[in-house]
Amino acid sequence: MDLTALPTQLSNNTDIHVGSANNASEQTLAGSKPPVTDPNAIILAHALTDKTISWRIHNCKISKNTVTQDLPLPFLYHYDSLDDAIKQTHPLTPKLLAQFNTPMAAQEAAKLIGIDEALISSPWHIKVVGSLVVFSEALQLAVRLHWTNTGKETQQIYTQNKDDAILAAFKEWQFFGRIDVLYKNDKQALISVDEQSIDTETNKPLPLTIEASNDYQYLLATHALVVIAKLEADKAELPWFETAILERLA
């Protein structure tokens with residue numbers, strides 16, 4: 001596969017869990033119902049997690065990068081971060097309880113409680129979203145995946161050092177959202193299998209055929225979830241993904 005020929009444009013849907021696709025892409029990937037599954041077919045989810053395949057990472061990039069201590073938090077978060085000794089000397093009052101869900105800065109929370117603002121830690125708010133392309137020359141297969149440190153608006157990390165906060169936030173990074181497939185091998189079938197999609201005639205999972213193409217094709221959402229679940233289950237055995245992401249964050 002010619003790496004320079006890989007499309008690299010990042011989807012505009014990187015921050016949602018299921019992107020919308022144009023009809024043409026969905027129709028292309030839907031394929032036709034195969035009468036018999038090709039025993040030599042490549043199964044997408046299994047191939048991506050096969051450690052014997054020489055996978056390489058290309059075009060790992062960041063599309064959203066929020067790392068700040070300036071965002072407000074509900075008063076409850078500030079109060080819970082206090083030492084127990086401070087909580088005992090400054091117990092919750094009806095006035096404080098009324099502010100539990102009110103967003104505010106650490107300084108505001110300290111003033112409301114009646115303590116020095118240095119006693120309340122301001123967490124790092126971290127939300128990083130990115131994409132990468134993993135590809136195999138031998139299979140003539142490239143897959144664009146999206147990743148993030150959290151599915152929440154931001155992740156709060158209580159540490160003084162910014163770099164330490166980023167590393168802590170990415171201890172449980174995850175794949176999410178849409179998947180795009182570029183498959184140029186017209187000599188071997190590529191399929192995706194969703195165990196929930198059952199052929200009523202055979203009572204077996206109905207494979208989704210991914211046709212060979214020179215363009216990226218959007219993988220249907222149900223099949224994207226299957227691939228992501230397999231990647232997440234085997235992620236510890238696939239270090240090249242985390243290595244590429246951490247290098248990009250450095």
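Student: Is Asp234 buried, exposed or partly exposed?

Tutor: Buried means under 20% relative accessible area, exposed means over 50%, and partly exposed lies in between, with a 1.4 Å probe and protein chains only. The relative accessibility of Asp234 is 21%, so this residue counts as partly exposed. Keep in mind that this is a predicted model, where local features need pLDDT of at least 70, side-chain atom pairs count only at pLDDT 80 or more, and totals for chains, interfaces and linings use all residues. Residues are numbered from 1 along each chain as its sequence is written, and side-chain values use heavy atoms, with hydrogens and water left out. The class asked for is therefore partly exposed.

Student: With which residue does Asp234 form a salt bridge?

Tutor: A salt bridge is a side-chain nitrogen of Lys or Arg within 4 Å of a carboxyl oxygen of Asp or Glu. Both partners lie in helix α8 (residues 221-234), four residues apart, which is about one turn of the helix; helices here are DSSP runs of H or I with at least four residues, strands are runs of E with at least two, and both are numbered from the N terminus. The closest N and O atoms are 3.2 Å apart, and the partner of Asp234 is Lys230.

Student: Is Lys235, which forms a salt bridge with Glu232, buried or exposed?

Tutor: The closest N and O atoms of Glu232 and Lys235 are 3.0 Å apart. Glu232 has a relative accessible area of 29% and is therefore partly exposed. For Lys235 the relative accessible area is 16%, so the answer is buried.

Student: Why are the buried residues of α8 on the same side of the helix?

Tutor: The buried residues in α8 are His223, Ala224, Val227, Ile228 and Leu231. Taking the directions from the helix axis to the C-beta atoms, they lie on the same side of α8 because they cover an arc of only 140 degrees.

Student: Which residues on the other side of α8 are exposed?

Tutor: The buried residues of α8 pack against several elements, including β9 and β12, where contact means heavy atoms within 4.5 Å. On the other side of the helix, the exposed residues are Leu225 and Ala233.
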